[in-house]
Amino acid sequence: MSVLPPEVHGALSELLQGLQSADNDTRNRAEELLNNEWIVARPDTRSFAAVLFRKVATKNRKIGDEPQELFLTLPQQQKEVIRQKLLECLQSEPEKQVRHKIGDAVAEIAREYSDQNEQWPDLLHTLFHASQSPDASQREVAFRIFTATPGIIESQHEETVLTAFVKGFKDTDVDVRTSAMEAFSALFAVVHKKAQKKYYPLVPELLNILPPLKDAEDSDNLSKALIALIELAEEAPTMFKPLFHNLVQFSVSVIGCKELEDTTRQNALELMGTFAEHAAPLCRKDPTYTQDMITQCLSLMTDVGPDDDDAAEWNESEDLDVEESDMNHVAGEQCMDRLANKLGGPAILPHTFTWLPRMVSSQQWRDRHAALMAISAISEGCREIMEAELDKVLELVVPALRDPHPRVRWAGCNALGQMSTDFAGTMQKKYHQVVLPNIIPVLDSAEPRIQSHAAAALVNFCEEAEKEILEPYLDELLTKLLRVLGSPKRYVQEQALSTIATIADSAETAFGKYYDTLMPMLFNVLREESSKDQRLLRAKAMECATLIALAVGKERMGGDAESLVQILGIIQQNITDDDDPQSQYLLHCWGRMCRVLGDGFVPYLSGVMPPLMKLASAKADLQLLDDDEQTAKISQEDGWEMVPLKGKVIGIKTSVLEDKHMAIELIVIYAQQLQGAFEPYVLEIMEKVSLPSLAFFFHDPTRVAAAKSVPALLNAVARAHGERSPMLQRIWAVTIDKLLEVLSAEPAIDTLAEMYQCFYESIEVVGKECLTQTHMATFIEAAQSALEDYQRRMKKRAEDWQEVEDGEEESEDTLLAIEDDQTLLSDMNKAFHTIFKNQETSFLPSWARLMPFYDSFITSTDATQRQWALCIMDDVLEFCRDQSWSYQDHIRQPLIDGLQDPIPANRQAACYGVGVAAQKGGQPWSSFVAEALPLLFQVTSLPMAREDDHVFATENACAAIAKILQSNPSKVQNPQEVVQLWLNTLPVINDDEAAPYAYMFLGQLISQRNPAITSASSAVFLTICQALDAETLQGAAAKRAVSSIKQLVQDTGIDASQILATQSPELQQTVRKYLA
């Protein structure tokens, strides 16, 4: 059935028949009718035709193995005719809106050519001609097309482009000027960074566009202009440096102009916030930026609840997740947060606290509310300074919990909750007596929303609190929360359950006192018939019950543990809807009950695993969207992410990906908790979930979870059958090939680090000689590729840094990228270490292929690279013993240089290397280690040798000297003199790996009654006591040390009690316990 009216449907049918007629006269009449009545007379037809053409032209058609967009598959002659017709229509179309649609179609075809690196010669000439046209709408459409496809002008002569933009910026028509700004912003994003500076002279003309728009109160065009500037500020903020103060003053005036639309004011705020994120030094240096921005943010934050002065409507609302992101007060809060994080406490706090005390004591509730929300917003970014002044901040916040206005009390709860997270540890340890006695009574509030928010703030406080801190408050806290559970508002009940669950998690066994009161009540909730609107409440009850179970343990629960598992099983069987929130909660509940029951959970796996496997093995749900309407519809649904791709959009259902990720994480928990008892499920999980998910490129977290599952699953098999079992070897044969494959295929740097971690943890499980020469060769190929990519990234960052202007800081993205690279190198290092540990010298032939990288890294100006290479050389020395001497030309000098490295971590690695050369390298290394002694002593005698950053290098030097004197002293001159000096490098009270070697040698000297010991017996006694107190000696090493102490006292007759009396009571108690 047609959706068109019968007369239209009939006319169109007749027209189509005429156009297809074999009779020339009939066909000519139909063409004339089409032109006069359907095209010329009806602009909407022309507009729809342009839209339809764009959709059809960009549809994919499979040519061979590759999909291509339909237009590009047409014969060349047809493409030329269509292109010509499009340009003719663009020039002749009289209606502005229709011309825009035709322009969009032109831009799409231009984009297709650009993607294929092909030319559309006539287009550029037509557009430049249009940009000079006397018709303003022609000039505007030219810039609109430039905006959509900036690549077509990027390669043109710069003077031509500059001239076109200058004319556009000065155009008499406002729409042309804003379209020119948008086109310039789009061009700037694709121009190479080195070429961008040639466009800097256009900035004054660009900014001159703004004031007339504000004066005319033209919010729409001013918003477009500000968005273009935001994009430019993200790309090259320093281009605005000469006129930055002018731009600040203008933007602040826009933010404060209430005659303009809120969206426009917020765009001006966003522009200034963008400068803070991308050019913080520029903002800090401006004389008014910080002060003006804080003033405007606080002003916007008072624009809250305009038609709800008594908060009656706000309190009655049960939609706590109502979308407020377009509200002024939210924009102000978010900008305050950004300013604090980017400019820091020294810049933000003085100006903020000029206002806050006045606002907190204001008669206007909106001022008080804004002040408290500002504290919430800035506490993370200003943590360091505010933490030292928390008592003063709390003096502002705590009284708000008793404010007469409910929204101010809500904001007070919000501030305390945020501060409990941002100042975690300090808030709980030092200020629990201030926070808890004041916020617990708020649970009795008459307003449900405040009850709920107070309970939520308690979650933040309690999840970071030790059980000793919470214990005195548990009675009052839980009594009030039980009352809150009786609220008629379901969202309040749900929050109360979440808070009780958090308290149970933190209080641990101390929660057992309340078990008999709470657990029966939760069982009742779980056993009740649940309507659809109570599903979340029951899910929260499940969460609460299982967290309490985890807190009190299996013994305290008794038979309730199995009862709870059976209830969970019944709930799982009755879930029928895909959107039932109980499903996700159940998965986590099963994980907790597994930890509670241990092996007792195994019988329940048969019911738990099928739904878990269904989620874990799910495929990605993708939709190719080539329709704006379809894209808009899907994007409005929860759980979808839109990814642009060549003019189209791919919709990815993120809820499926998140469920898959969560399911694999739970599999990891089961494998880790149950170990060998989980073995029956391993083979299916490996085949269907873990190994395929290592290459699940739609979702990084899923790949990470899969990587964590592999060693846990291998361990389950090893525990069930043994390390050398045929079963483990069969699974490993498949697994290792996949692991090596993903080391070469993984595109994300942070996830690649996880893959290396998966690789070395898996080798640790499977054990000695688990890699063939082919495996090791493949590993080296993957490592070489990763190192080459790393070097390219380093080179690119260095080149980009050369383009950065003085005073500009590295962007957050750059700092995160550097951190990701450092993590990758660290995990690659551990992979090399693990292979050497398990393969020893058999790894050397493959390893040696990367020698140019080791040599390059070990002499690099970059400290991270030097450390990476030093640690690998340490592994060669440690695990290849005297065969390491074959590579002494690549090791000796780097170790000597490393001992003098300004970076303590590198000195530590070099000291360790010298020590293992002495301990494991044998006679070939004896001369070298003896020659290294002066430098090792130099490391221990640096002025900052005992400071936190340097002490591990110092203690490794001490241990290295001990190893030389004990294991390889043949070339050491005056060894007794060296021993005397070495005693001064003790104690070793931080590094529990270095300490056993140092004190083993010291024990040897004591047993030999070495003269150096007897002459310094009191000091030697004290160094051993310090190591025992610091717990760097444990187990067998501690027993040896205690024996040495006793022998020392017996041999030298020193008064141990007198020496100990000079030390702390804690140390005395520890040592006496050992000596008892």
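Visitor: Is R1009 buried or exposed?

Guide: R1009 is exposed, because its relative accessibility of 53% is over the 50% cut-off. Keep in mind that this is a predicted model.

Visitor: What does R1009 pair with?

Guide: R1009 makes a salt bridge with D1051, and the closest N and O atoms are 3.3 Å apart. That pair links distant parts of the chain: D1051 belongs to helix α56 (residues 1035–1052), while R1009 is in the loop between α53 (995–1007) and α54 (1011–1014), 42 residues apart.

Visitor: And how accessible is D1051?

Guide: D1051 has a relative accessible area of 30%, so it counts as partly exposed.

Visitor: Are D171 and R139 buried or exposed?

Guide: D171 counts as buried because its relative accessibility is 9%, and R139 counts as buried at 10%.

Visitor: What about D580, which residue does that bridge to?

Guide: D580 bridges to R535, with the closest N and O atoms 3.8 Å apart. D580 sits in the loop between α33 (560–573) and α34 (582–597), and R535 is in helix α32 (residues 535–557), so to speak a link across distant parts of the chain, 45 residues apart. D580 is buried at 7% relative accessibility, and R535 is buried with a relative accessible area of 9%.

Visitor: Switching to aromatics. How many aromatic pairs are there?

Guide: The count comes to 39 aromatic pairs. Among them is Y756 with F779, an edge-to-face pair at 6.1 Å centre to centre and 80 degrees between the planes. Y756 is in helix α41 (residues 749–766) and F779 in helix α42 (residues 773–803), 23 residues apart, and the pair links distant parts of the chain.

Visitor: Buried or exposed, those two?

Guide: Y756 and F779 are both buried. They also belong to a cluster linked by ring pairs, including F832, F836, W847, W868 and Y887.

Visitor: Where do charges sit over rings?

Guide: R358 lies over the face of W355, 4.7 Å from the ring centre. The charged end of K963 sits over the ring of Y997, at 4.2 Å from its centre.

Visitor: Last one: where is T702, and what does it touch?

Guide: T702 lies in helix α39 (residues 700–721). Leaving out residues up to four places away in sequence, T702 touches L657, K660, H661, I664, S693 and F696.

Visitor: Why does T702 count as buried?

Guide: Because its relative accessible area is 0%, and buried means under 20%.

Technical notes: Residues are numbered from 1 along each chain as its sequence is written. This is a predicted model: local features need pLDDT of at least 70, side-chain atom pairs count only at pLDDT 80 or more; totals for chains, interfaces and linings use all residues. Side-chain values use heavy atoms; hydrogens and water are left out. Rings of Phe, Tyr and Trp (its six-membered ring) pair if their centres lie within 6.5 Å; planes under 30 degrees apart count as stacked, over 60 as edge-to-face and the rest as tilted. Helices (H or I, at least four residues) and strands (E, at least two) are DSSP runs, numbered from the N terminus. Buried means under 20% relative accessible area, exposed over 50%, partly exposed in between (1.4 Å probe, protein chains only). A charge sits over a ring if NZ of Lys or CZ of Arg is within 6 Å of the ring centre and within 35 degrees of the ring normal. A salt bridge is a side-chain nitrogen of Lys or Arg within 4 Å of a carboxyl oxygen of Asp or Glu. Contact means heavy atoms within 4.5 Å.
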